[in-house]
Amino acid sequence: MTDLSNIVLLKARAGKSDQLGAALRELVKPTRQEPGCAICELNQSGDEPNTWMVYERWAGQAAFDSHMKQPYVARFLQQLDELVSEPPEVRPFQHRY
C-alpha cells in the first residue's frame, strides 16, 4: 500500500477568508474520522491571510477517492466557487521512506 499525501492550497475571495476558514474547519473532524485518513491539518498563511493550506495523509488513492465521495465534502464543494478566487491547487505526494 502506498501512502498518499495531498497539499491543497486555497485562496479566499476578498472578504471571504473567515468564511472559507470556517467551511474548511467543518471538514477537519469528519475527515480525521475516516478509516483511511492518517492526518488532516488546516493552516492559514501568516503573511497572506487569504491563503489556506490543507495537509492530508491517506492510506492510498482509494482512501482519498472514498473521501471525495463523502456528503460533507460534496456540500463543501458546492459552496467553493463563492469562497475562493481561483481553483484550489492540489499537489499529491507519495511518501518515500
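Start with a pair of residues: E41 stands opposite Y55 in strand 3. Strands here are DSSP E runs of at least two residues, helices are H or I runs of at least four, and both are numbered from the N terminus. Before going on, the ground rules. This is a predicted model, where local features need pLDDT of at least 70, side-chain atom pairs count only at pLDDT 80 or more, and totals for chains, interfaces and linings use all residues. Residues are numbered from 1 along each chain as its sequence is written, and side-chain values use heavy atoms, with hydrogens and water left out.

Back to the strands. Strand 2, residues 37–44, pairs with strand 3, residues 51–58. The sense is antiparallel, over seven bridges; pairing takes at least two DSSP bridges between the strands. Six residues make the hairpin that joins strand 2 to strand 3.

Now helix 1, residues 17–32. Its 16 residues, at 1.5 Å each, should span 22 Å, and the end C-alpha atoms are 23 Å apart, which agrees. The expected span is 1.5 Å times one less than the number of residues. Which residues of helix 1 are buried? S17, L20, G21, A23, L24, L27, V28 and T31. Buried means under 20% relative accessible area, exposed means over 50%, and partly exposed is in between, with a 1.4 Å probe and protein chains only. Seen down the axis, the buried residues of helix 1 fall within an arc of 165 degrees, so they line one face. That arc is taken from the directions from the helix axis to the C-beta atoms. On the other side, D18, E26 and K29 are exposed. What do the buried residues of helix 1 pack against? Strand 1 (4–11), strand 2, strand 3, helix 2 (61–68) and helix 3. Contact means heavy atoms within 4.5 Å.

Next, helix 3. It has a kink of about 25 degrees, centred on L77. The bend is the angle between axes fitted to the seven residues ending there and the seven starting there. Buried in helix 3 are Y72, V73, F76, L80 and L83. The buried residues of helix 3 pack against strand 1, helix 1 and helix 2.

Last stop, S85. S85 sits in the loop between helix 3 (71–83) and strand 4 (89–94). Its relative accessibility is 44%, so S85 counts as partly exposed. Leaving aside residues up to four places away in sequence, S85 touches K11, A12 and R13. From A63, 22 residues away along the chain, S85 is separated by 28 Å, C-alpha to C-alpha.
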